[in-house]
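Please read it alongside the sequence and the structure shown here.

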Amino acid sequence: MIKLHNFKPLIKLKKDEYKYLSPFIFFYKKSYFLFFCNRGKTGNFYGEINLLKSKDLLNWNRIKNFCIKPDKNSSIISYTSPCLVKKNFFYLYIQAQGKNFTSKIIRYKSKDFKSWIKDKNFKIEERGFMIKSPYYSEHDDEYLYYSRENKTEKYISKMNLKNNKIFNLIKSENKNDKYSIYSPTITKYKNYFIMLYSAWKNVNEGNIKLAISKNLKIWYKSKDYLFTLPKKIKIISEPNMINKDNYVYLFYEFKKNLTHWNLALEKIDLKKIFKTKI
């Protein structure tokens, strides 16, 4: 297991705000951008997408007035888990959460990275499953990864964006991931693909697990968590990573106390992750 050291928040919580979640890192025009979910003020279940900017991955500033949020009077009450894809447009995939624990994936699009329009022709939903945590990898660019879960079945899957065919990749099978698995992020090391993903034992304990593949189809996953945490930190989740100079810059959310969550960053040698026992 790898010991995590850095739980210094990337940014401070604003007054009356209590949860920053779901980081997604993206490099564009010589700058790094970090999309994340802001749960807003305590008291109501809500989520909107905000944006940070950095030149060096270490010092971050909030982009003022950037906010993508559910429409008023909509059945959707929260946006979380953003994922950006750049093709002919910028596409921002989002987990849209509704009342009664419903969840689907929608997307917004933009030509200029400034003005965003909801794509009314796109959604991923499935009867009997919560659809969560979209993720796109340039290593597997015909697919969108996400999690599918209900009370008895929990998977990390991917869907072909051309024919909508779904492939289940990882299943919840161990005691330490029986509550939930979600939020995959993928990088490459030598001839192998490395996936990190969230794994929760119960509502009070969550960490990150590792899976390795040679072909992006068959994945070998670890039984144990990847990281050891300080005693005061019980949950880390929603990993997202970017490579730079043979290191992974790993962004994640962490639970600071009974109510407050924030975002942190750890720089890790890729070799160290790859050598973790599967």
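## Cavity

A cavity is a set of grid points where a 1.4 Å probe fits but cannot get out, and a residue belongs to its lining if an atom of that residue is within 4 Å of a point. The model examined here is predicted. It holds 1 cavity of 30 Å³ or more, and the volume of the largest cavity is about 100 Å³.

The lining of the largest cavity is made of 13 residues, and those nearest its centre are Pro23, Pro82, Pro134, Ser183 and Glu238. Two or more lining residues come from each of strand 2, strand 6, strand 10, strand 14 and strand 19. By class, the lining of this cavity has 7 nonpolar, 5 polar and 1 charged residues.

## Largest pocket

Which strand gives the most to the lining of the largest pocket? Strand 7 does, with 4 residues. In the lining of the largest pocket there are 14 nonpolar, 11 polar and 14 charged residues.

## Second largest pocket

The second largest pocket has a volume of about 450 Å³. It is lined by 18 residues, and Ile25, Tyr135, Tyr136, Glu138 and Met241 are those nearest its centre. Strand 2 (20-28), strand 6, strand 14 and strand 19 (236-244) each give two or more residues to the lining of this pocket.

The lining of the second largest pocket divides into 11 nonpolar, 5 polar and 2 charged residues.

## Cysteines

How many disulfides does a search of the whole structure find? The search finds 0 disulfides. For Cys37, the nearest cysteine sulfur is that of Cys67, 10 Å away, and Cys37 is in no disulfide. Cys37 has 0% relative accessibility, so this residue counts as buried.

Cys83 is likewise in no disulfide; the nearest cysteine sulfur to Cys83 is that of Cys37, at 15 Å. Cys83 also counts as buried because its relative accessibility is 0%.

## Aromatic pairs

The structure holds 24 aromatic pairs. In one of them, the ring centres of Trp200 and Trp261 are 6.3 Å apart and the ring planes are at 10 degrees, so the pair is stacked. Planes under 30 degrees apart count as stacked. Trp200 belongs to strand 15 (residues 192-202) and Trp261 to strand 21 (residues 261-269), so the pair ties together parts that are 61 residues apart in sequence.

Both partners are buried: Trp200 has a relative accessible area of 10%, and Trp261 has 7% relative accessibility. Elsewhere in the list of aromatic residues, one cluster is formed by Phe26, Tyr28, Phe33, Phe35, Phe66, Phe90, Phe113 and Trp116.

Asn88 sits in the loop between strand 6 and strand 7. Is Asn88 buried or exposed? With a relative accessible area of 63%, Asn88 is exposed, since the cut-off for exposed is over 50%. The side chains of Asn88 and Tyr91 are joined by a polar contact of 3.5 Å. Between Asn88 and Tyr189 there are 101 residues of separation in sequence and 28 Å in space, C-alpha to C-alpha.

Asn240 is part of strand 19. Asn240 has 3% relative accessibility and therefore counts as buried. The side chain of Asn240 reaches the backbone nitrogen of Ile25 at 2.8 Å.

How values were computed
Residues are numbered from 1 along each chain as its sequence is written. This is a predicted model: local features need pLDDT of at least 70, side-chain atom pairs count only at pLDDT 80 or more; totals for chains, interfaces and linings use all residues. Side-chain values use heavy atoms; hydrogens and water are left out. Ala, Val, Leu, Ile, Met, Phe, Trp, Tyr, Cys and Pro count as nonpolar, Asp, Glu, Lys and Arg as charged, and the others, Gly among them, as polar. On a 1 Å grid over the protein atoms alone, a cavity is a set of points where a 1.4 Å probe fits but cannot get out, and a pocket is an open set with protein on both sides within 12 Å along at least five of seven lines; lining residues have an atom within 4 Å of a point. Grid points are joined across faces, edges and corners, and a volume is the space filled by probe spheres set on the points. A disulfide is a pair of cysteine sulfur atoms within 2.5 Å. Buried means under 20% relative accessible area, exposed over 50%, partly exposed in between (1.4 Å probe, protein chains only). A polar contact is a pair of N or O atoms within 3.5 Å; within protein, one must be able to donate a hydrogen and the other to accept it, and residues adjacent in sequence count only if both atoms are side-chain atoms. Rings of Phe, Tyr and Trp (its six-membered ring) pair if their centres lie within 6.5 Å; planes under 30 degrees apart count as stacked, over 60 as edge-to-face and the rest as tilted.
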